[in-house]
Amino acid sequence: MRLSTFFLPTLKETPTEAQIVSHRLMLRAGMIRQTSAGIYAWLPLGHRVLKKIEQIVREEQDAAGAQELLMPTIQSAELWKESGRYDDYGKEMLRITDRHDREMLFGPTNEEMITDIFRAFVKSYRQLPLNLYHIQWKFRDEIRPRFGVMRGREFLMKDAYSFDIDPASARRSYQKMFLAYLRTFARMGLKAIPMRADTGPIGGDLSHEFIILAETGESGVFCHKDWLTLDVLQNAPGFDDDLQPFFDTYTSIYAATDEKHEPGNCPVAESDLVSARGIEVGHIFNFGTKYSKPMNAVVAGPGGEPVPVEMGSYGIGVSRLMGAIIEASHDDNGIIWPDAVAPFNVGLVNLKVGDADTDRVCQELYYKLRANGMEVLYDDRDERPGVKFADMDLIGLPWQLVVGPRGLKNGVVELKRRATGEKQELSVESALEKLS
Ligand code: ATP
Ligand code: MG
Ligand code: MG
Ligand code: MG
């Protein structure tokens, strides 16, 4: 992509309405545009990152054996009346009436709808276990939408739903998602701590929230200080292994949200306890037959007897993650994208547009890097170097490759790593090699 034609409406001034750094940087970097309170348009740069995050989530869900489908955003109120949640959900639910006066709603979550799909087709224990997920927009009429995409009203969520014949099998499904979540967040360069959590309106007894520690987080959290240095994936099993020992290890190290934490009854010594703020990026629940019983999602068991299925649900805040990643990875100059979610891998900076040599080498690098599978943003604008460097630092691409007449006289270009600021002078060939 050439920056001269790329739709990247960056802002020079710091937007005053944004209270936290990730929101400020997303606005300044031209990634999002608020269209109503808590509702955002995703501009090309933001959209590219959203797709990267979504894809990592998808790959780990698929690896864990979940199957992707796509359910609609608009749901009928009928299903929610069956489960009893239509009245319980309250004002967070956006209720809509269609032209025939039928009650509809914009889905805040999909337990009811997936249970309805399940009961229509699955009749035997032989078809289990089953885990179905989608990545779809949700709407919750949050009382205080704030912090940009972190607490939007419309937001993108991955939600998976597991169906099992008995509690033991349901625990295994839960453990698979537990592992998939740890892998997902680690791939994005995040340390997410699974914390024992309240199940709230979804119900059930087994539940973990995945929390990123950040001062701007909205949840108060407590954990053993070992979590701060733990590499959760070091001894991680594969999805087909026995996951119980792994699960036992990582649930035995104390971590709880303030709703679950009891100061008088905490197993961790005061000196080992970390009290912090955190961002909830994922939440998993095992809720047994809470929906299958009232909605009659029943299969024939091995002896032909009717069995209400054991269910779980598993959410990831895909759009919230973008804010969380920036909260965890930025400096005074802008965003520092982890490689895995960066909107482009390399920013190619032409320091003197119009200089024949510089243009030629940039052009060559632009084609060769892309031929090697790199995503390149080529700054071919006729702007001062200072402007170009500032913009590159702001949008935070992992690598900056800087080409100018002075370097080329000595046969070199400059390669900068955004995260460390480390710069290296290299020949064009070595730069290409280093970036492939
Ligand atoms: P919160 O406590 O932040 O209100 P929640 O517990 O209501 O979130 P869940 O029902 O557990 O949310 O939904 C699964 C995931 O969806 C959350 O872990 C979070 O990452 C994301 N999410 C929930 N509400 C929002 C929102 N308003 N904006 C962006 N992401 C959200
Ligand atoms: Mg909420
Ligand atoms: Mg919550
Ligand atoms: Mg939650």
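Colleague: In which helix is Leu 50 found?
Modeller: This is a predicted model, in which local features need pLDDT of at least 70 and side-chain atom pairs count only at pLDDT 80 or more, while totals for chains, interfaces and linings use all residues. Residues are numbered from 1 along each chain as its sequence is written, and chains are lettered from A and ligands numbered from 1 in the order in which they are written. Helices are DSSP runs of H or I with at least four residues, strands are runs of E with at least two, and both are numbered from the N terminus. On that basis, the helix that holds Leu 50 is α2.

Colleague: Is Leu 50 buried or exposed?
Modeller: A residue is buried if 20 or more other C-beta atoms, placed from the backbone, lie within 10 Å of its own, exposed if 12 or fewer do, and partly exposed in between. Because Leu 50 has 21 C-beta neighbours inside 10 Å, it counts as buried.

Colleague: Which residues is Leu 50 in contact with, leaving aside its neighbours within four places in sequence?
Modeller: Two residues are in contact if their C-beta atoms, placed from the backbone, lie within 7 Å. With the sequence neighbours within four places left aside, the partners of Leu 50 are Trp 42, Leu 156, Val 318, Ser 319 and Met 322.

Colleague: Which residues touch the most other members of the largest nonpolar core?
Modeller: A nonpolar core is a set of buried Ala, Val, Leu, Ile, Met, Phe, Trp, Tyr and Cys residues joined through C-beta atoms within 7 Å. The largest such core has 107 residues, and helix α6 (residues 167–187) gives the most to it, with 9 residues. Leu 401, a member of this core, is in contact with Val 346, Leu 348, Val 349, Leu 365, Val 413, Leu 415 and Ala 431, its neighbours within four places in sequence left aside. The members that touch the most others are Ile 53 and Leu 401.

Colleague: Which element gives the largest share of the shell around ligand 1?
Modeller: A residue is near a molecule if its C-beta atom, placed from the backbone, lies within 6 Å of it, and of the 15 residues around ligand 1, Phe 155, His 283, Gly 315, Gly 317 and Arg 320 come nearest. The elements that give two or more residues to this shell are β8 (154–164), β13 (273–288), β16 (310–317) and α8 (318–328). The largest share, 4 residues, comes from β13.

Colleague: How do the residues of the shell around ligand 1 divide into nonpolar, polar and charged?
Modeller: Ala, Val, Leu, Ile, Met, Phe, Trp, Tyr, Cys and Pro count as nonpolar, Asp, Glu, Lys and Arg as charged, and the others, Gly among them, as polar. Under that scheme, the shell around ligand 1 holds 3 nonpolar, 7 polar and 5 charged.

Colleague: Which residues of helix α1 are buried?
Modeller: Helix α1 covers residues 21–28, and its buried residues pack against β1 (32–36), α2 (44–63), α8, β17 (330–331) and β18 (334–335). Just after α1, Gly 30 takes a positive phi of about 65°. The buried residues of the helix are Ser 22, His 23, Leu 25, Met 26 and Leu 27.

Colleague: Is Asp 101 buried or exposed?
Modeller: Asp 101 lies in the loop between β5 (94–97) and β6, and it has a positive phi of about 65° although it is not a glycine. Because Asp 101 has 6 C-beta neighbours inside 10 Å, it counts as exposed.

Colleague: What is the omega of the peptide bond from Leu 128 to Pro 129?
Modeller: Pro 129 lies in the loop between α5 and β7 (130–139). The bond from Leu 128 to Pro 129 is cis, with omega near 0°.

Colleague: What radius of gyration does the protein have?
Modeller: The protein has 12 helices and 23 strands, and its C-alpha atoms fill a box of roughly 80 × 60 × 45 Å along the principal axes. The radius of gyration is taken over C-alpha atoms, and the globule rule is 2.2 Å times the number of residues to the power 0.38. For 436 residues a compact globule would be near 22 Å, which agrees with the value for the protein, 24 Å.

Colleague: What is the mean pLDDT of the protein?
Modeller: pLDDT is the predictor's confidence in each residue, from 0 to 100, and where it is low, the predicted coordinates should not be read in detail. The predictor also gives the complex an ipTM of 0.99 and a pTM of 0.97. In the protein, 99% of the residues reach a pLDDT of 70 or more, and the mean is 96.
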